[in-house]
Each structure stands twice: as C-alpha cells, then as structure tokens.
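Please keep the sequence and the model in view while reading.

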Amino acid sequence: MRVFLAVHLPKLALEVFRPKWLPEPPGGSAALEKDKVVIADAAARAAGIRLGMKRGGVLTLSADVHLYERDAAREAAAQHEVGVALMRFSPDVALADEAVVIVEVGASLRLFGGLRALCRQARAMLDTLGFTARIGLAPTGQGAWLLARYGNRRVVRLGSLERVLSPLPMIAVPEARPFAEWFAGLGCATIADIRRLPRAGLQRRCGEHMLDSLDRAFGMAPELFDWLALPPTFSARLELPDRIEHAEGALHAAHRLIVQLCGWLCAKQLAVTAVTLSLEHERGRQAVAPTSIEIALGEPAWQEGHLLRLLKERLHRIELTAPMIAVRLEAVKVEAAVPAADQLFPDPGASAQSHARLLELLVARLGEENVLRPAPLADYRPEVANRWAPLTLDAPRAKSTLPEGLPRPAWLLAEPVRLLTRAHRPFYGSPLRVVSPAERIEAGWFDGELVTRDYFVAEADDKSYYWIYRERVSSRDAEAGPRWFLHGLFG
C-alpha cells in the first residue's frame, strides 16, 4: 500500500525571515513584498494589513511597518531543509511546487506507530524547525498535495479519495487556474464539476496537462517523482536573523541543524561518531575566527535527543568573544548504523549504548579533564602502574602487570605516608596488626627509581584495614631499623 504524506508550508516566506522561536520586537511589525503582493506577520495583520495589498496601502495603515523583499533562494533552501529533515520517516522525499514537500511513507507506518503517530511526530519536527505546516495524506502524491494545500485531511484508501477530493475548489488544480474564468462561465466551481465535462473537449481547450494532473490525483495514471538526492557528507549552515551574544542562544538554531542531520543519517542508514558545531562571528575588518565545538561520541548515534543534550551541555560552558551571526554543523565521522539488539525483558540503562551515552553526557557537562578512566601501565610499582587518563574511549589500554589474587586497596594515596613505630609495630591511630603474608615488590632499576618493599594488609583496633609496606633494610642501615609507610586504604 502506497501512502503519501504532503507537508505544506503556508508561511514559508515569513518564517524564513523571522523564525517562530525568535521573539518579535515589541510594538514592531514586518511584511514581505514582491510584485506588490504583501504577506504580513501577526503584528502587521493586527494593524489591518492583508494578503494582496499594495505598498502604498500598507504604509497608510501602518507607517512603522518594515517592508522586505522576498528571498526566493532562502525560501528554496528552507524547503530543502524540511525535505532533508523529513527523510527521518522515509528516504523517498520530493520537493513540490508552492512550498509543498511530498514523502512516501507507506513502508514506514508500522515503524512509527501508525498514521496518527507519524503525523504527530512530523508536526513536532516541523515545529522544531520553526515552520507552520499543514499535512495531508493520500494514496497518491498529487492527491496528498491537494489535501495539504486545500483540504488538510487524511485519506488512506483509494476508494475514499474521490469523495474527499471532488468538493475541493477547481483553482486547487494548478493547471486549471489559467482557465478559471472560462470554467466559472460554465458554472464549474469544484473539481467534481470539471470532471463531469467531456474529456475530449477539455483536452482540446485546456491541453493534456490538466487531465493528467487530475488522473494522477485520483490514481488513474502513474506518478513520477524527482526524489531528493543527498550529498555524501553532511554540512549545514543557518544564518541567524539577529546578532546573538550568548552561546546558549544558538541552541534553537543548533536544534534545527540536528534535526536535519538526523534526517540525513536515517536516509543514508548511518550513525555519527563525531560532530563539529561552528559559531560564526563578524566578517570584514573586525573578523573573528569561528568558535568551534567538537564532540566525539563513544558509541555511534543518530538520535536527536542524545545529540541535543550533548550540544546543550557544551554550549552552557562556552563564553563567546564576539556576537554570533551564523551556526554551522558538520558530521566529521560517520559509520554504518547497527540497530540495537532488543531483549525480551530489557533492563533500563544496562546496555553498552546507555553506558556510553552517560559517559558522553558527563564529559560534555564536566569537561574532558574532569572525567577520567583507569589507565594502568606495565609496571609493578603501584604508584606508577595506577594512572588516570582523560576519557577517550578509543584510546588503547595497556595491560596491567599487577598479579591476580593479591589484595589491592580501593584508595591509593598519591604519596606514601611514613608511619610511627611503637613497640616495634607500625602505628596509625592505634597499633596495626599484620594480617597477610608479605608481597615483595622490587622494580624501577631500569629508570633509576628503584624500590624494594614488602607490602602487608594491616588491621587497626577499630577493624579498619590498611595497605602498608616496609622498606627492605640493607646491612649498613640495619641499626636504624625498618621504616613503615601507609600506601592505601581498603573500603
């Protein structure tokens, strides 16, 4: 079963100029004009400005209104961004006329929980991108286009398509608009009225394109789509409508770019392991190099929520040297996406992916220098073998030379503490009683830091356990007696 989802962006021109997440200036209003046709924002509409008014009439109603020329290139780029983001639901996406994006979602319905759940997710995603959308569903792409533009309804069965499309106005069909006056003279107001006219006469008068469009909409003719092609690498840039002086202000723009990245990853069946967010500043004489935020992931990811949390934590720790004017997101490293193996009774947070995401979040929040991992070295000396290194999950780890089965404390002191000796016994708050055989360590001759020690587990009067060692005494130091040191504490 083929099902097409059509997304119409009725306020594309205005929302490209001023995204919904950017607050409107108090008391101000704006309008976009082209060929003496005005599209106004909410503040301008409150002043009485309506679609189709001329420039002079607009300025008469509101002298404070700001008029801007429409930017067709930015509108086309915004429609392309929406198409890339919608690839999260299907790789078959086509950019249609009049700010409509068509997606073939028939094979994705079960994956996203059905029609209603898919439409809710698509609407939430479009709201994140900052666009107002009208959604239509139909078994044909042209039918979905008509419903999104004029009907705002959802039809799945081909048998119900004629009942829903027939009452739509005749001007809904783009090929019929040049003949609107002629159809009105014949008493035709809806698509059903046009279809009742003789096909031969319609073809001679209006050409074959209008009949082909109607046949495609009603499923009587095959449809051909120019599916959107994606670049081999992902790099998206978003200009900010105003200068922003705080890094947290880039979160909304970064979220829009992440939504596009997730659509690109799903269409390519890839997962990202490293991304770079660049905060661009002023150019020209006062040019400032972009502020770059590099994020390396321990596990490949393609989930919007996880990537957004990492960027949010990093942005909170950034102080800008200059205001931002644009944001760029690049996927530095990608690899093939591997779906997680589902379990019958999954344990929340017990998977390797959940552990890696937690570590990534801690690194983003606390900084790489504050999240460390054990990095043992091939050395028998405890203070050398036990090292901590920054958390780089792909770094090689050396094998420890510590013997297995011997006691090791939970806490190792950075520097051994010399102990007092009373009645020939080590003393640390109370006399310590040796409760383990000796473990002899002799190492360091190769780097000039020779140690000769005998380690013991010692018990205090309060049942606390310590890891102590005794320096081996040479014949010339025998008169001074042995020296005891505290090196670790057991939990």
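The points below move from the whole chain to selected residues and pairings.

The structure is a predicted model. Its chain contains 15 helices and 21 strands. Of its 491 residues, 42% count as buried.

**The chain as a whole**

- The accessible surface of the chain amounts to about 27300 Å², and carbon and sulfur atoms account for 52% of that surface.
- When contacts between residues at least 6 apart in sequence are considered, 59% of them join residues at least 24 apart.
- The number of salt bridges in the model comes to 22.

- Side chains of opposite charge can pair when their charged atoms come close.
- Arg328 and Glu280 form a salt bridge through their side chains, with an N to O distance of 3.6 Å.
- This pair links distant parts of the chain, since Arg328 belongs to strand E11 (residues 324-336) and Glu280 to strand E9, 48 residues apart.
- Glu280 is buried because its relative accessible area is 12%, under the 20% cut-off.
- Arg328, with a relative accessible area of 25%, is partly exposed.

- Arg440 is exposed at a relative accessible area of 53%, whereas Asp454 counts as buried at 5% relative accessibility.
- Glu442 and Arg472 meet in a salt bridge between their side chains, at 1.8 Å from N to O.
- Here too the pair links distant parts of the chain: Glu442 is in strand E18, and Arg472 is in the loop between strand E20 (465-471) and strand E21 (484-489), 30 residues apart.
- Glu442 is partly exposed, with a relative accessible area of 43%, and Arg472 counts as partly exposed at 37% relative accessibility.

**A salt-bridge network**

**A patch of positive charge**

- On the surface, a patch of positive charge gathers Arg116, Arg120, Arg123 and Arg154.
- One of these residues, Arg120, lies in helix H5 (residues 115-129).
- Arg120 counts as exposed because its relative accessibility of 57% is over the 50% cut-off.

- Helix H11 spans residues 208-217, and its buried residues include Met210, Leu211, Ser213, Leu214, Asp215 and Ala217.
- An α-helix has 3.6 residues a turn, so residues three or four places apart point the same way.
- His255 is part of helix H12 and is buried, with a relative accessible area of 18%.
- Apart from neighbours within four places in sequence, His255 is in contact with Thr128, Glu304 and Leu308.

**Residues in loops**

- Ala47 is placed in the loop between helix H2 (42-46) and helix H3 (55-61), and it counts as partly exposed at 33% relative accessibility.
- Although Ala47 and Ser62 are 15 residues apart in sequence, their C-alpha atoms are 6.6 Å apart in space.
- Residues up to four places away in sequence aside, Ala47 touches Leu61 and Ser62.
- Ala99 occupies the loop between strand E5 (93-96) and strand E6 (100-104).
- Ala99 has a phi near 60 degrees, a positive value in a residue other than glycine, and it counts as buried at 16% relative accessibility.
- Gln269 is in the loop between helix H12 (251-268) and strand E9 (270-280).
- The phi of Gln269 is near 55 degrees, again a positive value in a residue other than glycine.
- Gln269 is exposed, with a relative accessible area of 61%.

How values were computed
Residues are numbered from 1 along each chain as its sequence is written. This is a predicted model: local features need pLDDT of at least 70, side-chain atom pairs count only at pLDDT 80 or more; totals for chains, interfaces and linings use all residues. Side-chain values use heavy atoms; hydrogens and water are left out. Patches are made of residues with over 30% relative accessible area and no salt bridge: like charges are joined within 9 Å, nonpolar side chains (Val, Leu, Ile, Met, Phe, Trp, Tyr) within 5 Å. Accessible areas come from the Shrake-Rupley method with a 1.4 Å probe; for residues, only the protein chains shown count as cover. A salt bridge is a side-chain nitrogen of Lys or Arg within 4 Å of a carboxyl oxygen of Asp or Glu. Lys and Arg count as positive and Asp and Glu as negative; His and the chain ends are not counted. The place of a charge is taken as NZ of Lys, CZ of Arg, CG of Asp or CD of Glu. Helices (H or I, at least four residues) and strands (E, at least two) are DSSP runs, numbered from the N terminus. Buried means under 20% relative accessible area, exposed over 50%, partly exposed in between (1.4 Å probe, protein chains only). Contact means heavy atoms within 4.5 Å.
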